[in-house]
Amino acid sequence: MSAGPPDAPPAAGLSATFLRLAGFLRTQPGAMTASIALGLLAALLGLAWQFGVVWLILEAMEPAPDATRMGWIVAGIAGLVVAGRLAFLASTALSHKIAIDVQRDLRLALAEHLARVPMAVSERYGAKALRRLVLDDVESVEDGIAHLVPEATANFTAPLIVLVVLFALDWRMALAAALPIGLGLVAMRAMTRNSTDITRAYYERSAELAARAAEYAAGLPTLRLFDGEGRSLLRFRAVSERYLAVIGDWVRRVLLASAVLQVCVGSGLLLVLPLSLWLTARDELPVSHLVIFLVFVPSLGGLITRLPNFAFRFAQQGEVLSRIDALLAEPPLPRADAPARPVERTVRFEGVGFRRGERTVLDRIDLVLEPGTVTALVGASGAGKTTLANLLMRFHDPHEGRITIGGVDLRAMAPETLYALVGTVPQHPWLFTGTVAENLRLAAPEAGPSALAEALAQARAETFVAGLPGGIDAPLDHGGATLSGGERQRLCVARALLHDTPILVLDEATASADPINEREIQRALGALARGRTVLVIAHRLASIVDADRIVVLDGGRIVESGDHGALLAKGGRYARYWALQNPGTPSGSSAQEESAYAARA
Ligand SMILES: Nc1ncnc2c1ncn2[C@@H]1O[C@H](COP(=O)(O)OP(=O)(O)OP(=O)(O)O)[C@@H](O)[C@H]1O
């Protein structure tokens, strides 16, 4: 599975990125206006104290400087410096507040959107890429909102005001100051033109490195056994070097761009100084103007040398935002305008077809699940069992045909209606970090202690839960990683019991459980199946000998269907699977004890 979407979207240009970021800020117009206004105020106060310095120098150059006035000017400068810092602080405090709200809203929007798009979308991205998007990418939007927009506003405004003032005072001197800066900006633009490409390369390489590092760490036990020569380490080193090469390229470009700009900005004073001597000698430049130029030209340069850094940070934001926007643009599963509620509970697959790209995964499936019956899906790996079960939970919509419950197409139901009807115990039981009780209440938030205890007892989980420190309030770290697979499975059964849906999809996962655990899981599943319509994906045929109907899938088509006895008598594919799994037990009668569905009411 790839570490990201197969076709990474094009990153937005700098101005588009600025507008996109400003668009976020528009959601909080009051705070945004205040933040930008305070940023501008900070920039103006910064200019004001520099004018104070000019005034101080001119006062000091008077034949008889007025010490008291100079004291007031110094105090004024200090006041302006402090006020400027405070305004900047208030501006960034506000922009941080907006950034936190935007991050929260973005994460929620992404999570909600992921719940509405077909599962094919999350499968295409993969868990690592989604984690990176929802956590890391959204985190880095903070730089754009909390820093870039207010700082860029202030940092662009201040040089503009300075240039206007300088041109108003003396256009020749202003031109001498602006010319090298202009040249430096043109050179910088040329050097940072493809900054979006290099930012893209950086993200691709860092995603590759993260994926390889995770894979390497996860596969260490296997690698120790099989990879004595360290080939994996060499591969990891190659990925790491590719990453460092991109970083090197990036740093070189930023440094080069900044260096060129700094040289050009420094040259501003080189032109201004000789010109000022010449103009002063011709009596065309008052001393006050000369001092203003000497103070402001270097500070103008200081502001402008920050631009390459801004350009690269904007490129980074463009990259991150284009990824977030691409996920948000994935079309969700269509929702019915006037959702219907089924009265009756019969499930029908009618001519259902499903493809993965060009490949047909399910072909003209016709299947009826009568209320209160157990239907088992069996077949070779890749036959389409999980896909068929997933269609019933509307993880995808079929490409042909339809699936109905009580005659209502799944597409015509509100998701809440569907998920109140269909529950599941997945093959890979999923628990979140929280207590046992919190995990159970995911299915039934209102369930009281006795309901939880009853569900645990039926799911054969009460004994091991009672043994956990804290019992039902024991915290499950890392999604229950400290529990065995069978224990996790039984907690999921308890959760499904509390969910109490009339239709159940079970993906049995007992193949790797030890015999005692397996028997416990089978019993738990039997309790869960009681009185419900069950579609079970069977991995061990002994567990479904009592199913009302066994459906054999092959290459996405139903090739056999009937109960255990009928299928054995037929001597077809099911009979061959049975003989392979149960050598020496032709009828399977000895396995009936193992069947999860033997003791259903
Ligand atoms: N995310 C995916 N992307 C592309 N193809 C997929 C994906 N998931 C499944 N398939 C393909 O669809 C086909 C049916 O897969 P499915 O998981 O439904 O089979 P299965 O019968 O449940 O197999 P198993 O018993 O091994 O779980 C297989 O050929 C599989 O390779």
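Is strand β3 (residues 374-379) mostly covered or mostly uncovered, and how many of its residues are buried? β3 is mostly covered, with 6 of its 6 residues buried. The views below come from a predicted model, in which local features need pLDDT of at least 70, side-chain atom pairs count only at pLDDT 80 or more, and totals for chains, interfaces and linings use all residues. Numbering starts from 1 along each chain as its sequence is written.

**View 1. The whole protein chain.** The secondary structure comes to 20 helices and 12 strands. Helices (H or I, at least four residues) and strands (E, at least two) are DSSP runs, numbered from the N terminus. Of the 601 residues, 34% are buried. A buried residue has 20 or more other C-beta atoms within 10 Å of its own, C-beta atoms being placed from the backbone. Among contacts with a separation of 6 or more, 81% join residues 24 or more positions apart. A contact puts two C-beta atoms, placed from the backbone, within 7 Å.

**View 2. Strand β3 and its two partners.** V374, A376 and V378 point one way from β3. T375, L377 and G379 point the other way, and all are buried. β3 pairs in the parallel sense with strand β10 (residues 533-537) over 4 bridges. Strands pair if DSSP finds at least two bridges between them. T375 has L535 of β10 as its bridge partner. Strand β11 (residues 549-554) also pairs with β3 in the parallel sense, over 5 bridges. There, V551 is the bridge partner of L377.

**View 3. The shell around the ligand.** The residues here are E123, R356, V361, G379, S381, G382, A383, G384, K385, T386 and T387. A shell residue has its C-beta atom, placed from the backbone, within 6 Å of the molecule. Helix α12 (residues 385-392) gives the most to the shell, with 3 residues. By type, the shell divides into 2 nonpolar, 6 polar and 3 charged residues. Nonpolar covers Ala, Val, Leu, Ile, Met, Phe, Trp, Tyr, Cys and Pro; charged covers Asp, Glu, Lys and Arg; the others, Gly among them, are polar.

**View 4. An open antiparallel sheet.** Four strands run in the order β2-β1-β4-β5, with antiparallel pairing. Its edge strands are β2 (359-369) and β5 (408-409), each pairing on one side only. Strand β1 (residues 347-356) meets strand β4 (residues 400-405) in the antiparallel sense over 5 bridges. E350 has R402 in β4 as its bridge partner.

**View 5. F349 in its setting.** F349 lies in strand β1. It counts as buried because it has 22 C-beta neighbours inside 10 Å. Leaving out residues up to four places away in sequence, F349 touches I365, D366, L367 and I403. D409 is 60 residues from F349 along the chain, and their C-alpha atoms are separated by 9.8 Å.

**View 6. Helix α3 and the annotated spans.** Helix α3 (residues 67-116) has 50 residues, so at 1.5 Å a residue it should span 74 Å; its end C-alpha atoms are 73 Å apart, which agrees. The expected span is 1.5 Å times one less than the number of residues. Its buried residues are A87, F88, S91, L94, S95, I98, A99 and V102. The unreviewed UniProt entry places "transmembrane region" at residues 34-58, 70-88, 160-186, 254-279 and 285-304. Such annotations may be inferred rather than shown by experiment. Residues 160-186 are 96% helix and 0% strand, with end C-alpha atoms 17 Å apart. Residues 254-279 are 100% helix and 0% strand, with end C-alpha atoms 37 Å apart.

How values were computed
A residue is buried if 20 or more other C-beta atoms lie within 10 Å of its own, exposed if 12 or fewer, and partly exposed in between; C-beta atoms are placed from the backbone.
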